[in-house]
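Me: I am new to reading protein structures. Could you take me through one, feature by feature?

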Amino acid sequence: MMRNARTSMVLVTAAAVLSLTVSVTRAAVPETSLLYRLQSHDALSLPAQVGRKMFFDPALSGSGKLACSSCHDPDHAYAPANGLAVQAGGKHMSERGTRAVPSLRYKEFMPAYADILDNPDGISPPGPGGGFTQDGRAPSLAEQAKIPLLAANEMANASPAAVVAAIEKSDYAGLFKQAFGEEIFADRGAAFEKAAQALQSFQLEDYSFHPYSSKYDLALGHKIGGQFTEAELRGLAVFSDPAKGNCYACHYSGPGLNGSVGIFTDYSYEAIGVPRNMDIPANRDPKYYDLGICERPDHQPQTGNRYCGMFKTPTLRNVATRKAFFHNGKFKTLREVIEFYNTRDTSPERWYPQVHGKVQKFDDLPAEYRANLDTQGPLDGRKRGNKPAMTGQDIDDLIAFLNTLTDDYVPEQAQAQVSPAAGRAVPVHQ
Ligand code: HEC
Ligand code: HEC
């Protein structure tokens, strides 16, 4: 829906944006930030307006310090601004999470989790797919929102009623009643459900969650500024070559579910054997493993469980802006991630610890679940010391291509049209 609305890209100066938004209070938000532009959106439904208020409200946490936006920063594609593997939270901000924080962009087409979900490419065999969080445990954005609000190591509210009480005290309590009825606060349970739906509406409706404003999108639409460089074109070929990156096999970019295109995930789950990250406090307990799908209440770990160790394939849109990668935030650069894909099997000593000279390959997946590891290239189990699938040049090119998936791209041609006095160009989509 958002996609079709984006028929053209008009450039206006910062001054013109200002004149459009004079009536909006802007506090201390810098003009260059996405948050600044977020505040000037008036076309949201009432529930989505409530959701926007809630999303940025630290009063909705037990510590009074944590909003959704603290971990999902709109200026970082709704991922964290920092490079920590896991974020701080809890009543006294002294707890840590167990997983890296995903971006919240491009989640609007996600189906609910199923063990056997049709692959959106229409060709691959069905398998585990869909759902929110990296083990798919929440079937909708509304159900997902309840998790951080109540988790003791995140926003740490004592109960749903505590969340509702905080909303009732907020300056948007009136808006909440306008959206959900004058009597809504009388029923704490119903009000909590509405609050979760409000967060969902904000994420579904607001442009900033699905801007489709990358160079890749311009290229797809044959728009000015969308001409790939030689390196980007070669990178796309590496991405799509089954004998090289083979990235497209899981980070699928064709027509997908519910009318989507170019989401760069098929929502499927795979175990790829990411090394254990000792920066996660929970991992200091040698008996603790994050088993992905097997952390779901309906998939207990047991020997022979075919799903243990599998995590959801994330979108690669805006991936170049991330500062911590994979479910455990083990890697800090895109290059490291790609080199891991390329040499996990040919040079495992680069990635896993050694004990008495023996490489502890797959040190974050108990031996009984290693049969679940995916075997698609480049993670196809080629022998140690063999040639990796990609050359150094391939990797440079692939990175160049992945950089075209970053939103808020302003083409050089367009930049040139902005008068130097006006400063910055702001893309506006109409
Ligand atoms: C303390 C940091 C933190 C806060 C605060 C936080 N989140 Fe998250 N969020 C995470 C982490 C970590 C995950 C991944 C969880 C997992 O995979 O189990 C996540 C996952 C999500 C997802 C699922 C994305 C996907 O790819 O499936 C959504 C949606 C989301 N959060 C929305 C919210 C909303 C709405 C709020 C506020 C009510 C919020 N988050 C507050 C850390 C946070
Ligand atoms: C077999 C399916 C598969 C293939 C092939 C594949 N990926 Fe992935 N990718 C995944 C899964 C699953 C994850 C999440 C794994 C985890 O967190 O444990 C992931 C995660 C990532 C991440 C981390 C993103 C984030 O938000 O943390 C990047 C970057 C990435 N893949 C890039 C690539 C590139 C580049 C290629 C091609 C060289 C590729 N992938 C090939 C399935 C695949």
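Predicted model: local features only at pLDDT ≥ 70, side-chain atom pairs only at ≥ 80, totals over all residues.

Me: Which residues come nearest to ligand 1?

Reply: The shell holds 24 residues, and the nearest are C68, C71, T133, Q134 and P148.

Me: Which helix gives the largest share of the shell around ligand 1?

Reply: Helix α6 does, with 5 residues. Both α5 (68-71) and α6 (141-150) supply at least two residues each.

Me: Now ligand 2. Which residues are closest to ligand 2?

Reply: Ligand 2 is surrounded by 26 residues, and G245, C247, C250, F326 and H327 are the closest. By class, the shell has 17 nonpolar, 6 polar and 3 charged residues. Helix α12 (residues 334-343) contributes the largest share, 4 residues.

Me: Let's turn to a single residue. Where is I263 placed?

Reply: Find the elements on either side. I263 sits in the loop between α11 (230-240) and β6 (269-270).

Me: Why does I263 count as buried?

Reply: Count the C-beta atoms around its own. A residue is buried if 20 or more others lie within 10 Å. I263 has 25 C-beta neighbours inside 10 Å, so it counts as buried.

Me: Which residues are in contact with I263, leaving aside its neighbours within four places in sequence?

Reply: Those contacts are Y106, F109, G256 and T315. Look at R317 too. I263 and R317 are 54 residues apart in sequence, yet their C-alpha atoms are 7.1 Å apart in space.

Me: Is α9 largely enclosed or exposed, and why?

Reply: Count its buried residues. In α9, 14 of the 18 are buried, so the helix is largely enclosed by the rest of the structure.

Me: Last, the whole protein. How many helices and strands are there?

Reply: The protein has 14 helices and 10 strands. Of its 430 residues, 42% are buried. Now take contacts between residues at least 6 apart in sequence: 69% of these join residues at least 24 apart.

Methods: Residues numbered from 1 in each chain as written. Chains lettered and ligands numbered in written order. Near = placed C-beta within 6 Å. Nonpolar A, V, L, I, M, F, W, Y, C, P; charged D, E, K, R; others polar. Buried ≥ 20, exposed ≤ 12 C-beta atoms within 10 Å, placed from the backbone. Contact = placed C-beta atoms within 7 Å.
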